[in-house]
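Student: I have the model open and would like to learn how to read it. Where do we start?

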Amino acid sequence: MEQRDQLMAVAASKFGLLERDKVQTHVSEHSLIRSYRLGARTVYVRITDESHKQYVKIEGELQWVEFLGSKGVRVSRPLYSVEGNLAERIRMEDREYTAVCYEEAKGRPVGENDANESLYRRMGQFMGCMHRITKGYTHLDPVTRRPDWSDEAEKVRHIDLPLTEKGITRRYEALVHYISELPIDVDAYGLIHADFHYGNFFVDEDSLCLIDLQAGIHGSLMILRSPRFSRV
């Protein structure tokens with residue numbers, strides 16, 4: 001408990017927050033989250049162990065989410081640290097951590113009664129808008145740039161399967177070849193949110209608000225060949 005509180009105090013200080021203003025703490029499998037009062041607002045600090053997700057991956061995701069927020073997409077926007085960074089590294093007892101801070105998302109979690117055709121339409125519109133806006137996004141930092149889909153495909157290719165399952169490998173190879181032959185252009189190839197589910201957004205009246213922090217994880221982002229992006 002003492003080490004956890006010490007770690008969180010260090011992370012909070014990186015974003016100009018004080019422990020006396022803490023509200024609530026949540027511990028998930030991979031993250032430590034604590035909410036703080038910042039003036040009239042509530043903000044959330046999340047700490048992730050480097051062994052779960054590397055700093056550069058988190059930084060890359062934050063850069064994209066901040067871009068979406070700057071273009072009017074309703075997201076839980078990341079806040080900059082005192083040093084002007086979206087993410088901060090913390091080293092404690094020979095372990096590396098990444099600390100980030102988010103503003104509070106507007107709305108409420110999705111409930112069972114929300115799952116209807118209206119919600120599905122709003123989800124499709126939101127994702128289409130998000131991907132349309134992302135077509136104008138240029139990731140300038142080569143270190144934090146998200147990997148191409150083929151990087152993940154290559155990892156799967158080397159999974160060792162029993163001889164009785166080799167047919168799966170052949171079908172997978174055929175699928176990868178098919179995808180690799182698809183055209184690359186601004187309307188069919190780009191950065192997407194690949195983890196857009198009920199746990200990663202809030203409902204705010206007739207609108208949605210994309211979140212990461214309250215779910216305890218970052219949505220998976222990757223370069224992916226896909227059909228023409230929807231337009232809103």
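Tutor: Start with contact, which means heavy atoms within 4.5 Å. This is a predicted model, in which local features need pLDDT of at least 70, side-chain atom pairs count only at pLDDT 80 or more, and totals for chains, interfaces and linings use all residues. Residues are numbered from 1 along each chain as its sequence is written, and side-chain values use heavy atoms, with hydrogens and water left out.

Student: Which residues is lysine 106 in contact with, leaving aside its neighbours within four places in sequence?

Tutor: Lysine 106 contacts Arg74, Phe202, Asp204 and Cys209. Lysine 106 belongs to the loop between strand S5 (95-103) and S6. Helices (H or I, at least four residues) and strands (E, at least two) are DSSP runs, numbered from the N terminus.

Student: Does one call lysine 106 buried or exposed?

Tutor: Buried means under 20% relative accessible area, exposed over 50%, and partly exposed in between, with a 1.4 Å probe and protein chains only. Lysine 106 counts as exposed because its relative accessibility is 51%.

Student: What does alanine 11 touch, not counting residues up to four places away in sequence?

Tutor: It touches Val45, Ile47, Ile90 and Ala99. Alanine 11 and tyrosine 97 are 86 residues apart in sequence, yet their C-alpha atoms are 9.3 Å apart in space. For lysine 106 and valine 10, the separation is 96 residues in sequence and 27 Å in space, C-alpha to C-alpha.

Student: What do the totals for the protein say?

Tutor: The protein has five helices and 10 strands. Of its 232 residues, 42% are buried. Among contacts between residues at least 6 apart in sequence, 69% join residues at least 24 apart. Along the principal axes, the C-alpha atoms fill a box of roughly 60 × 45 × 40 Å.

Student: How is a sheet read, and what is the order of the open sheet of three strands?

Tutor: Two strands pair if DSSP finds at least two bridges between them. Here the order is S6-S8-S9, with antiparallel pairing. S6 and S9 are the edge strands, each pairing on one side only. S6 (residues 108-109) is joined to S8 (residues 201-204) by two bridges, and proline 109 stands opposite phenylalanine 202 in S8. Four bridges link S8 to S9 (residues 207-210), where leucine 210 is the bridge partner of phenylalanine 201. The hairpin of S8 and S9 has two residues between the strands, and glutamate 205 takes a positive phi near 55° there.

Student: How many aromatic pairs does the structure hold?

Tutor: Rings of Phe, Tyr and Trp (its six-membered ring) pair if their centres lie within 6.5 Å; planes under 30 degrees apart count as stacked, over 60 as edge-to-face and the rest as tilted. The structure holds four such pairs. One of them joins phenylalanine 67 and tyrosine 137, 4.8 Å centre to centre with 45° between the planes, and is tilted. Phenylalanine 67 is in helix H2 (residues 55-70) and tyrosine 137 in the loop between helix H3 (117-134) and helix H4 (149-157), so the pair ties together parts 70 residues apart in sequence. Both residues are buried. The rings of phenylalanine 196 and phenylalanine 201 have centres 5.2 Å apart and planes at 35°, so this pair is tilted.

Student: What should I look for in H3?

Tutor: The expected span of a helix is 1.5 Å times one less than its number of residues. H3, with 18 residues, reaches 26 Å from its first C-alpha to its last, close to the 26 Å expected. Its buried residues include Leu119, Met123, Phe126 and Ile133. The cover over the buried residues of H3 includes H2, strand S7 (189-193), S8 and S9.
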